[in-house]
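Here's a quick walk through the structure below. Have it open while you read.

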Amino acid sequence: MPKNKNKSSTSFIVYLTGFIASALFLIAFISVPLLQEKPSTASFSSVYTKTIKNADMENYPEKNKLQIEEYFQISPDLFEEVQFDRTDDALNANELLLVKFDNDAAALKFEEAVNSRIDAQKNTYESYAPEAYDLVKDAQVRIHKNYALYVVGSEAKKIADQFEEAL
Amino acid sequence: MTFTSLSFLFVFLPVTWLINRFLPSLKIRNIFLILASWLFYAWSGPSGLVILTLMTFLIYFSGLLLNTEKVEENLARRRAVFWISVGLLVYLLFFYKYLKVWLSPFINVASLDIVAPVGLSFYTFSAISYLADVYMRKSPPCKSFLDMALFVSFFGKVTMGPIVEYHSFSSQLSNRPVTRNQMYEASALFIRGFAKKALIADQLANCFSQLNANSTALGAWVCMLAYVFQLYFDFSGYSDMAIAVGRFFGFELPVNFDHPFRADSVKDIWNRWHISLSHWFRDYIYFPLGGSRCSKLKAARNLMIVWILTGIWHGASLNFLAWGLYFGILLCIEKFVLKDRWNKVNHMARVLIIFMIFCFGFVFFYSTSLSNSFFHYKALFGMGEGGMMDARALFVLREYFLLLVTAAIFSGNMRQTLQNQLIVRCKRAAPLILVVLYLLIGVLALAMVIGSTSQAFLYAAF
């Protein structure tokens, strides 16, 4: 093949590659924000109401949000809003923690805290409260851009699914 | 960072100029200017700089690809490369400027976090002009990525234009001497632009904002006049500063305003107002569609297409479309109905009528929506809820009457006339007097900016 034609083919391949690469990068760059989860614009009260809709909340009396420090070792100040429902009966595994936040660090702390709580509860119930143990094993943890839910109970999955729809 | 911000005036511009002045070669100066421009642009957000850079790569490779043997000899491939590139650029504009507004009635886009990069409309059009110039063989493709980067991102024009067409800029990338006289003239131009913005436009903005919701006829008229003069002095002031900044570095950017309120026809005013945009649409939409070298119907169609697109370029909402339609229809009437009959009308009368027609059209511009524009129109004709006038409208008119008259006078040739008179009468002392005057005006404008009476540039919204 003559040298010029060779060079011309090489240029074509180089420029075509550059053209396709820059086009793909451009499309990818502007598309990435579209794929990222967006914060929910739903109000906290509406999210909570929809989350617990039609669920039997008898075993989930409301607790003071300051008590999450005692149960989860996290400060309620990390979050914009907190809803903590749990009975005082230590043998009862049912509990619900719904939080709203505006930064990823709070989401991370929430996840660490509830995972520690789940491990601790499992240790507590493993030997002498098998039903409670099973409930904790099936605990639902759902973390989104600005809302997170932790729920243990017989209707935990239903409550968690309703939470996601509420967002 | 904008041209009127203190960081630009006292740090960025002088430092950039000084460094550029003492760099040994043009190539090094170009590289330095690219870095300075990227820094300037990134000031408003790094993600915008990524878009700008990726777009530069895209058009750089597209231009070179269009010139390769395999593409140049094959019309289908040439068209594909060109239209895919242009399509991507238009998609960028659509994504950032129009997607949320146009798709919101159909799908939930409210939570999408889409913020248009500063100047996107302006530099995208510059990019399209490059591709079109290469495709239409008006210019050879740019072989140097550095030259391409400087063309796209030069800080003198990247945020608000003027929209520079590649074929008029390319030669300056390799040759642009700067003489002392050019520096003096550029400095004077910069101060004039700064004064237009800080002393007139920003003050008229206060007048406008006080009467924007006023439903009296007097209030509506003062509001409309205040807005049109504000827009003129704001954008022409910016353009003067941009051209001056270009000249500081040896670039000759196109003039964007040429005393538009002296126009005596609709066509004339659009040859004098935002000239770079008008020329872009003329060169890259109107002429390729056939211009007026076709049947009257097609010529009218071409005009309407240009003006609908011009309206849409300014904004996604219906009031901008209405604005474009308004001027498109007027131009068609002028060209195909009135023809030469319009020239028989007294010149002064034509100028005044065209000015009023222009002002009426811009009611769409400052309205927040189409229905809001009807609110303003009703008020203009005395059919608003407030009636003919109220205390507020009278008060604002009294407060700003002198400024409005000053704006009207200085939107013409008064500055040049006064300057010429000074030179004739003062002869040898004229240069010194002019320097002192310009410095005083500059200091006054700076005082206004520092005193926090400054407003954002209006055309930054586009």
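## A buried lysine

Let's start with Lys63(A), which sits in strand β1 of chain A, residues 62-63. This is a predicted model, so take everything here as computed. Is Lys63(A) buried or exposed? Its relative accessibility comes out at 10%, and since buried means under 20%, Lys63(A) counts as buried.

What does Lys63(A) touch, leaving aside its neighbours within four places in sequence? Its contacts are Tyr71(A), Phe84(A), Asp85(A), Arg86(A), Thr87(A) and Asp88(A).

## The nonpolar cores

The largest nonpolar core has 153 residues, and the members touching the most others are Phe8(B), Phe155(B), Trp270(B) and Phe362(B). Helix α10 of chain B (residues 217-248) gives the most to this core, with 20 residues.

Take a look at Phe362(B): leaving aside neighbours within four places in sequence, it's in contact with Tyr227(B), Val228(B), Leu231(B), Trp270(B), Trp273(B), Trp323(B) and Phe327(B). There's also a second, separate core of 26 residues, and Tyr71(A), Val82(A), Ala113(A) and Ala148(A) are among them.

## Where the chains meet

Chain A brings 19 residues to the contact and chain B brings 27 residues. Between them, about 2,100 Å² is buried, with carbon and sulfur atoms giving 85% of that. On the chain A side, Phe19(A), Leu26(A) and Ile30(A) lose the most area to chain B, together 31% of what that side buries.

By class, the chain A side that touches chain B has 12 nonpolar, five polar and two charged residues. How many salt bridges are there between chain A and chain B? The count is zero, and it's also zero for residue pairs in polar contact with both at pLDDT 80 or more.

Note on methods: Residues numbered from 1 in each chain as written. Chains lettered and ligands numbered in written order. Predicted model: local features only at pLDDT ≥ 70, side-chain atom pairs only at ≥ 80, totals over all residues. Heavy atoms only, no water. Helix = DSSP H or I, 4+ residues; strand = E, 2+ residues; numbered from the N terminus. Buried < 20%, exposed > 50% of the residue type's maximum accessible area, 1.4 Å probe, protein only. Contact = heavy atoms within 4.5 Å. Core = buried A, V, L, I, M, F, W, Y, C linked by side-chain atoms within 4.5 Å. Buried area = accessible area lost by both parts, 1.4 Å probe. Salt bridge = Lys/Arg side-chain N within 4 Å of Asp/Glu carboxyl O. Polar contact = N/O pair within 3.5 Å; in protein donor to acceptor, adjacent residues only side chain to side chain. Nonpolar A, V, L, I, M, F, W, Y, C, P; charged D, E, K, R; others polar.
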